[in-house]
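Student: I would like to go through this structure with you. Please tie each label to its definition.

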Amino acid sequence: MSRIAGVFAALRQEGRGALIPFVEAFDPDRATSLTLLKGMAENGADIIEIGMPFTDPMADGPTIQAAGRRGLQAGATLNGVLELVTEFRKENDHTPLVLMGYLNPILSHGVEAFCFDAAKAGVDGLIIVDLPAEEADLVLPYAKENKLDVIRLIAPTTSDERLRHVLAGSSGFIYYVSITGVTGTRTASAADLARDIPRIRTETDLPIAVGFGVRTPDQAATVVAHADAAIVASALIDTLCKENAEAVIRDVRALADAVRGVRKAA
Amino acid sequence: MNDLTPNSLRAWPDARGRFGEHGGRFVAETLMPLILELETAYNEAKANPAFQAELDYYLKHYVGRPSPLWHAKRLSQHLGGAKIYFKREELNHTGAHKINNCIGQILLAKRMGKTRIIAETGAGQHGVATATVCALFGLPCTVYMGATDVERQKPNVFRMKLLGAEVVAVKSGAATLKDAMNDALRDWVANVRDTFYIIGTAAGPHPYPAMVRDFQCIIGNEAREQLMEAEGRLPDVAIAAVGGGSNAIGLFHPFLDEPSVKLIGIEAAGKGLDTNEHAASLNRGRPGVLHGNRTYLLQDDDGQILEAHSISAGLDYPGIGPEHSWLHDIKRVEYAGVTDDEALAAFQLCSKLEGIIPALESAHAIAHVLKIAPQMGKGEIILLNLSGRGDKDIFSVANYLGTEL
């Protein structure tokens with residue numbers, strides 16, 4: 001069983017949802033990213049999503065755009081991100097890591113080599129924002145060969161008919177983009193989630209994570225009452241900018257406590 | 001129209017929106033359903049005589065088509081070689097070829113029931129053309145423009161505002177066309193249900209490259225007919241500037257299956273192809289994915305996109321339309337570079353000899369004609385797409401020439 005499947009299976013037994021915090025690699029430097037990865041894993045992160053900086057992050061709002069720019073200024077490269085994962089894995093072999101990014105740096109590295117190198121470094125899954133189902137055959141065979149989960153985005157605009165098409169070839173979990181918009185802007189309401197999540201559930205047994213606009217412990221708790229995981233990104237980057245890495249880890253603890261406070265049927 | 005044989009170069013893209021290995025649909029899932037809906041709507045409209053009739057009506061009575069074909073006698077004499085013809089797209093309403101596409105897309109937006117229009121712009125020509133058709137059809141319009149371009153294209157910014165559009169100055173990156181397109185795509189993701197994105201160049205996710213090309217093919221179709229009337233034959237060379245490449249593909253496409261017609265696209269070589277300041281994605285880039293399509297891009301070894309440079313805001317883009325990338329791969333079109341300095345010289349020469357102030361974009365193509373026309377025989381014909389007028393550029397040209405206005 002993959003690390004990701006293992007975590008969700010264990011949480012199902014425990015009767016709770018997952019917290020997936022986000023770290024933009026090298027924002028503002030490599031050491032901070034490593035501190036955040038370790039601190040998050042020790043303070044209630046069930047899975048961690050690592051952003052791979054890209055010059056033109058079209059699906060991201062101002063917060064993650066700025067984080068990516070700082071990462072690139074600090075010298076982030078694709079190899080640098082994989083080395084960061086390798087170093088984290090020396091001490092932690094259990095927390096699943098999912099890389100999120102855009103296709104071009106992966107193409108530039110070579111898709112086959114990237115999947116091999118990522119798996120070797122200890123990456124568990126990939127979220128490639130600008131790779132819709134229609135183009136996924138570029139990556140799927142190599143990801144499968146290297147046992148990397150390809151996590152698909154589902155949006156409010158994804159029709160029921162299209163849902164089946166997008167879910168074919170998905171693994172790990174489903175990333176539900178809960179709003180039509182870029183990251184870190186609006187927030188989906190409990191009513192939105194109560195309407196949208198069951199629609200996806202009828203089509204898949206994979207766990208459903210909700211991201212884009214989940215900021216506070218209350219919102220994270222609302223999310224896991226409906227879905228299987230809450231992804232928090234922009235709010236943590238804001239904290240890192242205004243305060244420091246310790247404050248981010250404090251926020252992760254608070255988010256984790258809120259998520260753990262919601263009991264779910266096993 | 002030509003008959004399309006199975007081997008026609010005019011039959012692309014394929015069902016996946018690919019031109020060879022270029023093109024495709026590399027967008028976030030939120031946009032994907034809309035891209036598919038757009039493709040269906042466009043295919044229906046294209047086959048619908050009523051849509052074509054409506055398009056023809058606006059192109060004739062509002063845009064002022066057909067645009068003339070001008071024999072540039074004094075420039076031809078001055079160069080002492082080939083006979084040079086200008087396809088006068090700068091005489092279209094709003095002063096450039098951009099409106100051909102905007103009329104087509106806004107008619108499509110109306111058919112699809114969209115109530116709000118967004119666009120990106122570099123030089124401001126596409127922004128002005130979009131703001132114009134939005135005024136004509138009474139739709140609200142938001143134009144994304146890099147803050148650098150807002151500064152160097154002030155007249156067009158003011159025009160857009162007069163036409164009722166909201167102009168958003170984009171400050172990210174180098175604050176030019178690439179960044180404007182990023183923010184337009186972000187707006188679209190956030191307002192996908194009611195908003196139609198009028199992309200101004202033959203790039204972006206399928207079906208945009210094919211759709212924009214189709215709307216711009218009127219340039220080459222008219223020029224072909226006009227040249228047959230004037231000279232009784234096809235040109236030896238057809239030449240146009242390429243940024244994203246919409247005016248060039250519009251000129252070239254109707255000639256793709258004519259092997260006797262040499263096609264030349266001119267990239268902005270900025271301060272020189274061997275400097276780091278140019279916009280020559282075909283001559284100095286390699287294939288990658290940006291803004292929804294796979295195409296040649298200026299990028300570093302790690303796949304990060306590099307900033308382009310050109311004196312011309314309309315060419316200042318690190319990518320190019322995917323069909324051009326394919327035409328480059330199969331060597332059907334030759335892509336050459338022209339520097340800022342060469343374009344400036346051509347800008348001035350054309351103004352003095354022909355009484356036509358060309359857009360800096362078009363001046364790049366003219367600069368290449370200055371190089372090749374003297375090498376050609378007097379019986380040979382060059383067809384150049386004069387894609388836009390240069391009024392918008394007089395401030396930046398004055399600045400480069402050290403003249404205070």
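Tutor: Start just after α4(B), where B:Gly113 takes a positive phi of about 75 degrees. This is a predicted model: local features need pLDDT of at least 70, side-chain atom pairs count only at pLDDT 80 or more, and totals for chains, interfaces and linings use all residues. Residues are numbered from 1 along each chain as its sequence is written, chains are lettered from A and ligands numbered from 1 in the order in which they are written, and side-chain values use heavy atoms, with hydrogens and water left out.

Student: What makes α4 of chain B a helix, and what span does it reach?

Tutor: Helices are DSSP runs of H or I with at least four residues; strands are runs of E with at least two; both are numbered from the N terminus. Helix α4 of chain B covers residues 98-111, which is 14 residues. From first C-alpha to last it reaches 21 Å, close to the expected 20 Å. The expected span is 1.5 Å times one less than the number of residues.

Student: Why is α4(B) called mostly covered?

Tutor: Buried means under 20% relative accessible area, exposed over 50%, and partly exposed in between (1.4 Å probe, protein chains only). In α4(B), 12 of the 14 residues are buried. Among them are B:Cys102, B:Ile106 and B:Leu107.

Student: How do you know that A:Asp124 and A:Arg3 form a salt bridge?

Tutor: The rule asks for a side-chain nitrogen of Lys or Arg within 4 Å of a carboxyl oxygen of Asp or Glu. Here the N to O distance is 2.6 Å, so the pair qualifies. A:Asp124 is buried at 8% relative accessible area, while A:Arg3 is partly exposed at 25%.

Student: What does that pair tie together?

Tutor: A:Asp124 lies in the loop between α6 and β4 of chain A, and A:Arg3 in helix α1, so the pair ties together parts 121 residues apart in sequence.

Student: Why does A:Arg195 count as exposed?

Tutor: Its relative accessible area is 52%, and the cut-off is over 50%, so the label holds. A:Arg195 meets A:Asp192 in a salt bridge at 3.7 Å, N to O. Both lie in helix α9 of chain A, 3 residues apart, about one turn of the helix. A:Asp192 is partly exposed at 24%.

Student: How many residues of chain A are in contact with chain B?

Tutor: Contact means heavy atoms within 4.5 Å. By that rule, 39 residues of chain A are in contact with 35 residues of chain B. The buried area is about 2,900 Å², and carbon and sulfur atoms give 49% of that. Buried area is the accessible area (1.4 Å probe) that two parts lose on being put together, summed over both.

Student: How many salt bridges does the rule find across the interface of chain A and chain B?

Tutor: The rule finds 5. A:Glu135 and B:Arg18 meet in a salt bridge at 2.4 Å, N to O. The largest share of the side of chain A that touches chain B comes from α5(A), with 5 residues.
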